[in-house]
Amino acid sequence: MSGLPGLSVILVTHDRPRLLADALASVAAQSHRPLEVRLADDGGGTSIDTLPHLPLLELTALAVNCGQAAGARNAAAAGARGEVLVFLDDDDRWAP
């Protein structure tokens, strides 16, 4: 065990599947893999079926209708299991 905390990635999207796929790929490229990724689709209709297959990520997709990023983040964070929450928007990328 590495001694690093379990991370829950909270990722918010709204109808931008191409950007979302890139953001998820950047999460999968990390040397410290998150415990889970909680994807809050804020009324955009992005289907989990359209996302690339990323077997290294445990992905939970939540359909929310908050109309604002903060509400969507809170909805996704509510069920997170990690010791540490980390936040990412669909138009952001993490360096490996």
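Leaving aside residues up to four places away in sequence, Q30 touches W94, A95 and P96 (contact means heavy atoms within 4.5 Å). This is a predicted model, where local features need pLDDT of at least 70, side-chain atom pairs count only at pLDDT 80 or more, and totals for chains, interfaces and linings use all residues. Residues are numbered from 1 along each chain as its sequence is written, and side-chain values use heavy atoms, with hydrogens and water left out.

Q30 sits in the loop between α1 (17-28) and β2 (36-42); helices (H or I, at least four residues) and strands (E, at least two) are DSSP runs, numbered from the N terminus. Q30 counts as buried because its relative accessibility is 17% (buried is under 20% relative accessible area, exposed over 50%, partly exposed in between, with a 1.4 Å probe and protein chains only). A polar atom of its side chain lies 3.1 Å from the backbone oxygen of A95.

Now for the charged pairs. The whole structure has six salt bridges (a side-chain nitrogen of Lys or Arg within 4 Å of a carboxyl oxygen of Asp or Glu), including these:

| Pair | N to O distance |
|---|---|
| R16 and D90 | 2.5 Å |
| R16 and D91 | 3.8 Å |
| R93 and D22 | 3.8 Å |

R16 lies in the loop between β1 and α1 and D91 in the segment after β4, so this pair ties together parts 75 residues apart in sequence. D90 is buried at 2% relative accessible area, while R16 is partly exposed at 35%.

Notes. Polar contact = N/O pair within 3.5 Å; in protein donor to acceptor, adjacent residues only side chain to side chain.
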